[in-house]
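Let's take a walk through this structure together. Keep the viewer open and follow along as each part comes up.

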Amino acid sequence: MTQIAIHRPCPPRRRFGLTMLLDAFSLRRQRCTLARLDARALEDIGITREQADAEAARPFWDAPEYWQK
């Protein structure tokens with residue numbers, strides 16, 4: 001069996017403008033959908049109305065940290 005050792009990590013892929021724009025639109029759509037969920041749906045996913053409203057109020061450019069890597 002052949003093994004290959006990589007001594008240096010691969011650089012992260014650069015995000016292109018269109019990809020970033022599409023991600024921002026997707027995030028905004030998801031947050032709008034979250035704001036429209038009823039109490040039963042929020043209970044199913046394990047968050048409160050206050051948490052959902054706080055997340056929905058965030059601007060679309062305020063993406064989670066792991067999206068920016």
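Before we start, one term: a contact here means heavy atoms within 4.5 Å. With that in hand, which residues does Glu55 touch, not counting residues up to four places away in sequence? The partners of Glu55 are Arg31 and Leu34, and we will come back to them below.

First, a word on what you are looking at. This is a predicted model, where local features need pLDDT of at least 70 and side-chain atom pairs count only at pLDDT 80 or more, while totals for chains, interfaces and linings use all residues. Residues are numbered from 1 along each chain as its sequence is written, and side-chain values use heavy atoms, with hydrogens and water left out. The pLDDT score is the predictor's confidence in each residue, from 0 to 100. Over the chain it averages 82, and 74% of the residues score at least 70. Among the elements, helix 2 (residues 39-45) has the highest confidence, at 96, and helix 1 (residues 17-36) the lowest, at a mean of 89. Where pLDDT is low, the predicted coordinates should not be read in detail.

Now for the overall layout. The chain has 3 helices and 0 strands, in the order α-α-α from the N terminus on. Helices (H or I, at least four residues) and strands (E, at least two) are DSSP runs, numbered from the N terminus. Of the 69 residues in the chain, 13% are buried. Buried means under 20% relative accessible area, exposed means over 50%, and partly exposed lies in between, with a 1.4 Å probe and protein chains only. Among contacts in the chain with a separation of 6 or more, 53% come from residues 24 or more positions apart.

Next, look at how helix 1 and helix 3 meet. Their axes come within 8 Å and cross at roughly 150°; axes are lines fitted to C-alpha atoms, for helices over the stretch in contact, and angles run from 0 to 180 degrees between N-to-C directions. Helix 1 is therefore roughly antiparallel to helix 3. For such labels, angles under 35 degrees count as roughly parallel, over 145 as roughly antiparallel, 65 to 115 as roughly perpendicular and the rest as oblique. Helix 1 contributes Arg28, Arg31, Leu34 and Ala35 to the contact, and helix 3 contributes Arg49, Ala52, Glu55 and Ala56.

Zoom in on Arg31, which sits in helix 1. Is Arg31 buried or exposed? Arg31 counts as buried because its relative accessibility is 2%. Leaving out residues up to four places away in sequence, Arg31 touches Glu55, Ala56, Arg58, Pro59, Phe60, Asp62 and Pro64. The side chains of Arg31 and Glu55 are joined by a polar contact of 2.9 Å. A polar contact is a pair of N or O atoms within 3.5 Å; within protein, one must be able to donate a hydrogen and the other to accept it, and residues adjacent in sequence count only if both atoms are side-chain atoms.

Glu55 has 25% relative accessibility, so it counts as partly exposed. Between Glu55 and Leu34, 21 residues apart in sequence, the C-alpha to C-alpha distance is 8.2 Å. Ala54, also in helix 3, is partly exposed because its relative accessible area is 46%. The C-alpha atoms of Ala54 and Arg31 are 9.7 Å from each other, although the two residues are 23 residues apart along the chain.

Gln51 is in helix 3 (residues 49-57), and its side chain reaches the backbone nitrogen of Thr48 at 2.9 Å. Gln51 is partly exposed, at 45% relative accessibility. Asp38 lies in the loop between helix 1 and helix 2. A polar atom of the Asp38 side chain is 2.9 Å from the backbone nitrogen of Ala41, and Asp38 is partly exposed at 47% relative accessibility.
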